[in-house]
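Please open the model in your viewer and keep the sequence panel beside it. The stops below tell you what to select next and what is there.

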Amino acid sequence: MEKNVDYLVEDGHDVILIEGLKVATQIGILDSEKNRTQTVCFDIEMQTVTGYRRIVRETGAFVSYADAVEFILQKAASGGHIDLVEDWAEAVADFVLTNELVEGVSVKVTKPDIFEEAAGVGIRIKRRRPSR
């Protein structure tokens, strides 16, 4: 039986999620963090433009969480030390916002192994596409 969805109205924005992506990388501003690998955890929320699902149906264009994951994995694999979790967060936000179907993004980057008493320490940033 085919479901009638005429009564459904897309209201607001969809949010595409990446949760708990763990990556080993060289990060940290302290001397004790230099030349060693640490685990960094990413949580990303990509807020789509209004009408996102209609655009996907009509054009086939979409927001790919796989692209964001691949960006992070490639950045980590390319080597090099990153001083701040803030730098990671900004790089991810900049990459995600290159997709025209993403209106805003929240990126949380944490280091889970710093304090035994804490699940993680880090930063969360929110960025939006500039108004046109």
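Contact, a word used throughout this tour, means heavy atoms within 4.5 Å. This is a predicted model, in which local features need pLDDT of at least 70 and side-chain atom pairs count only at pLDDT 80 or more, while totals for chains, interfaces and linings use all residues. Residues are numbered from 1 along each chain as its sequence is written, and side-chain values use heavy atoms, with hydrogens and water left out.

Begin by selecting F42, which, leaving aside neighbours within four places in sequence, is in contact with I18, E19, G20, L21, V23, I72, W88, V92, K108 and V109. F42 is also one of the residues with the most contacts inside the largest nonpolar core, together with I44, M46, W88 and V107, and this core has 30 residues. A nonpolar core is a set of buried Ala, Val, Leu, Ile, Met, Phe, Trp, Tyr and Cys residues joined through side-chain atoms within 4.5 Å, where buried means under 20% relative accessible area, exposed over 50% and partly exposed in between, with a 1.4 Å probe and protein chains only.

Which helix supplies the largest share of this core? Helix 3 does, with six residues.

Next, select helix 2 (residues 65-77) and helix 3 (residues 85-96), which pack at an angle of about 140 degrees with their axes 10 Å apart. Helices here are DSSP runs of H or I with at least four residues, and strands are runs of E with at least two, numbered from the N terminus. The axes are lines fitted to C-alpha atoms, for helices over the stretch in contact, and angles run from 0 to 180 degrees between N-to-C directions. The two helices, helix 2 and helix 3, are therefore oblique to each other, since angles under 35 degrees count as roughly parallel, over 145 as roughly antiparallel, 65 to 115 as roughly perpendicular and the rest as oblique. To see the contact, colour D67, A68, F71, I72, K75 and A76 of helix 2 and W88, A91, V92, F95 and V96 of helix 3.

Now move to T48, which lies in strand 2 (residues 38-48) and counts as buried because its relative accessibility is 0%. If you draw a line from T48 to V63, their C-alpha atoms are 7.8 Å apart in space, although the two residues are 15 residues apart in sequence.

Finish at T110 in strand 3 (residues 102-111), where a relative accessibility of 11% means that T110 counts as buried. Not counting residues up to four places away in sequence, T110 touches T39, V40, C41, G120, V121 and G122.
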